[in-house]
Amino acid sequence: MTPSARVISVQVGVPREMGREDAPEVFDRPWTSGIFKKPVSGPAFVNATGIAGDAQADLTVHGGPDKAICVYSADNYPRWTGILWPEPGAFGAFGENLSVAGVVEEDVCIGDVWAAGDLRLQVSQPRQPCWKLARKWRIQDLTDQVIQTGRTGWYFRVLHGGDIAAGTTLSLVERPAPEWTIIAANHVMHGRPRNAAAAGVLAAVPQLSASWRATLQKRVDAGA
């Protein structure tokens with residue numbers, strides 16, 4: 001049976017400024033982020049840079065063709081009960097554009113092409129959460145917690161645009177690197193001790209994002 005993922009919710013958002021200079025609490029001091037996403041009602045158009053109506057604050061580390069769409073599995077939400085919320089929370093909690101059901105990080109591989117109608121999306125890398133996720137939830141070590149679980153989500157690049165909406169089914173149509181699940185790639189990037197040989201193998205996967213290839217190749221060159 002061909003693997004599939006069902007889109008539960010689609011979220012977009014634009015950067016906004018928050019906080020104030022004189023705040024005594026560090027979480028309340030000024031910062032700018034597009035992590036606060038709101039659900040889209042009805043179909044949304046996807047192009048090479050992402051979903052219409054979505055934007056990022058810091059384009060040096062977010063957005064771009066390799067990170068056009070951020071995805072998080074709705075199947076992971078229950079594991080955060082008691083940490084982020086008393087009951088499973090509203091979708092978009094991790095700043096993701098697509099909340100999907102039916103697949104988790106063990107089921108998704110670098111280079112996978114997932115399709116719905118004309119839409120073609122390719123997995124480019126695991127999501128590498130930054131400090132803004134911790135800032136959003138006011139939990140100092142949340143970014144580390146997410147990385148340690150391996151439940152980071154992942155990014156899509158857009159091979160061919162089209163519409164997407166809650167209820168859309170994404171079907172796997174191509175899997176060039178079945179050995180490189182999101183969990184496996186996260187282990188190479190974040191695991192200890194580092195494995196330069198594994199980093200070299202992963203860096204050679206042509207569908208991997210340019211930023212991850214560059215980071216891993218530096219480790220290979222350094223022998224660590």
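**Aromatic cluster**

In this predicted model, ring pairs join Tyr72, Tyr77, Trp80, Trp85, Phe91, Phe94 and Trp137 into a cluster. The structure holds 10 aromatic pairs by the ring-centre rule. Tyr77 and Trp85 make one of them: the ring centres lie 5.3 Å apart and the planes meet at 20°, so the pair is stacked. Planes under 30 degrees apart count as stacked. Both Tyr77 and Trp85 are buried.

Trp85 also pairs with Phe94. Here the geometry is edge-to-face, with 6.5 Å centre to centre and 90° between the planes. Phe94 is buried, as is Trp85.

The charged end of Arg16 sits over the ring of Phe36, 4.3 Å from the ring centre.

**Salt bridges**

Side chains of opposite charge can pair when their charged atoms come close. A search of the whole structure finds seven salt bridges.

| Side chains | N to O distance |
|---|---|
| Arg20 and Asp22 | 2.8 Å |
| Arg151 and Glu105 | 3.5 Å |
| Glu106 and Arg151 | 2.7 Å |

Take the Arg20 and Asp22 pair. Arg20 has 45% relative accessibility, so this residue counts as partly exposed. Asp22 reaches 58% and therefore counts as exposed. The cut-off for exposed is over 50%.

Now turn to Arg151. The bridge between Arg151 and Glu105 links distant parts of the chain, 46 residues apart. Arg151 lies in the loop between α2 (142–149) and β11 (154–160). Glu105 lies in the loop between β8 (98–101) and β9 (113–116). Both Arg151 and Glu105 are buried.

The bridge between Glu106 and Arg151 also links distant parts of the chain, with the two residues 45 apart. Glu106 is in the loop between β8 and β9. Is Glu106 buried or partly exposed? At 41% relative accessibility, Glu106 counts as partly exposed. Arg151 is buried because its relative accessible area is 12%, and buried means under 20%. Together, Glu105, Glu106 and Arg151 form a network of salt bridges.

**A three-stranded sheet**

Strands of a sheet pair through backbone hydrogen bonds, either parallel or antiparallel.

Strand β5 (residues 44–47) pairs with β12 over three bridges, in the antiparallel sense. Within this part of the sheet, Ala44 stands opposite Ile164 in β12.

**Helix α3**

Helix α3 covers residues 182–190. Its buried residues are Ile182, Ala185, Asn186, Val188 and Met189. An α-helix has 3.6 residues a turn, so residues three or four places apart point the same way.

What covers the buried residues of α3? The cover includes two strands, β10 (119–126) and β11. It also includes two helices, α4 (196–203) and α5 (210–222).

Definitions and conventions:
Residues are numbered from 1 along each chain as its sequence is written. This is a predicted model: local features need pLDDT of at least 70, side-chain atom pairs count only at pLDDT 80 or more; totals for chains, interfaces and linings use all residues. Side-chain values use heavy atoms; hydrogens and water are left out. A salt bridge is a side-chain nitrogen of Lys or Arg within 4 Å of a carboxyl oxygen of Asp or Glu. Buried means under 20% relative accessible area, exposed over 50%, partly exposed in between (1.4 Å probe, protein chains only). Helices (H or I, at least four residues) and strands (E, at least two) are DSSP runs, numbered from the N terminus. Two strands pair if DSSP finds at least two bridges between them. Contact means heavy atoms within 4.5 Å. Rings of Phe, Tyr and Trp (its six-membered ring) pair if their centres lie within 6.5 Å; planes under 30 degrees apart count as stacked, over 60 as edge-to-face and the rest as tilted. A charge sits over a ring if NZ of Lys or CZ of Arg is within 6 Å of the ring centre and within 35 degrees of the ring normal.
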